[in-house]
Structures are given as C-alpha cells and as structure tokens.
Amino acid sequence: GVLLTLHYRQKSAGGKLETALGERERENGALRRKIKEVEKRVELLVGREGERERERQNEERVEEEEKRKERVRETEEVENLRTELRDARIQCQKLETALGVVEKEKEEWVVVA
C-alpha cells in the first residue's frame, strides 16, 4: 500500500511538474512573440527615424545647392555689371575724345571764319 501511495504521489508530482512546465513553455512562447513584436516595432521606428534623418539631410543639401546657385547668380550679375560699367567707361572716353575733336574743329572754324 505504501509503494502504491508513493507511486501515486510521484505520478501526481510529475503531473504537476509537467503542467507547470507546459505553462512555463506557453508563457515563454508568448513572451518570445511579444519580444519579436517589440523588435519589429523598434525596427520600424528606427527605420522611420533613419528615413527622417535622410530626408532632413536631403533638404539641407537642396538648401545648400540653392544657396550656392544664388551666390553664383549674384557673382555673375556683379561680373555683368562690371562689364557694363567698363563698356560704358570706354564709350564715355570715345565720346569725350570725339567731343574734343569736334571742339578743336569748331575752334579752327572760328579762327578761319
């Protein structure tokens, strides 16, 4: 009778252990699934953050390129204005020279007349 009682107790304890193990395995499985879900969410967030960072860098590059183009345009405008000014000075000198010639001819005419 004692052996039979021990046998049942062992069987009962074994059954309880198996039940407890099964519960632990289910809990572990659920935890593993949750961990995977969290890892996926983290990857998505990190991916979005990386995407945002790339977008921000692209915007900065575009802004820098626009500023550079504006500086080039301004430099070209300044160069064009300098060229126009130089041309205007040359034209002015030519006109002054022509005016001087006309003045001399006028004086000569006055002397002749």
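## An exposed arginine to start with

Arg 82 counts as exposed, at 53% relative accessibility. Exposed here means over 50% relative accessible area, buried means under 20%, and partly exposed is anything in between (1.4 Å probe, protein chains only). Its salt-bridge partner is Glu 79, with the closest N and O atoms 3.0 Å apart. Glu 79 itself comes out as partly exposed, at 40% relative accessibility.

## What sort of model this is

This is a predicted model, where local features need pLDDT of at least 70 and side-chain atom pairs count only at pLDDT 80 or more, while totals for chains, interfaces and linings use all residues. Residues are numbered from 1 along each chain as its sequence is written, and side-chain values use heavy atoms, with hydrogens and water left out.

## The overall picture

Helices (H or I, at least four residues) and strands (E, at least two) are DSSP runs, numbered from the N terminus. Helix 1 covers residues 2–112.

The protein exposes about 11100 Å², and carbon and sulfur atoms supply 56% of that. Those areas come from the Shrake-Rupley method with a 1.4 Å probe; for residues, only the protein chains shown count as cover.

## Salt bridges along the helix

How many salt bridges does the structure hold? There are nine. Side chains of opposite charge can pair when their charged atoms come close.

Back to the opening pair: Glu 79 and Arg 82 both sit in helix 1, three residues apart, or about one turn of the helix. Arg 68 and Glu 65 also lie in helix 1, three residues apart, about one turn. Their side chains meet in a salt bridge at 2.7 Å, N to O. Arg 68 is partly exposed at 39% relative accessibility, and Glu 65 is partly exposed too, with a relative accessible area of 32%.

Glu 53, Arg 56 and Glu 60 are linked in a network of salt bridges. Within it, the closest N and O atoms of Glu 60 and Arg 56 are 2.3 Å apart. These two residues are four apart in helix 1, about one turn of the helix. Glu 60 has a relative accessible area of 40%, so it counts as partly exposed; Arg 56 is partly exposed as well, at 37%.

Terms used:
Salt bridge = Lys/Arg side-chain N within 4 Å of Asp/Glu carboxyl O.
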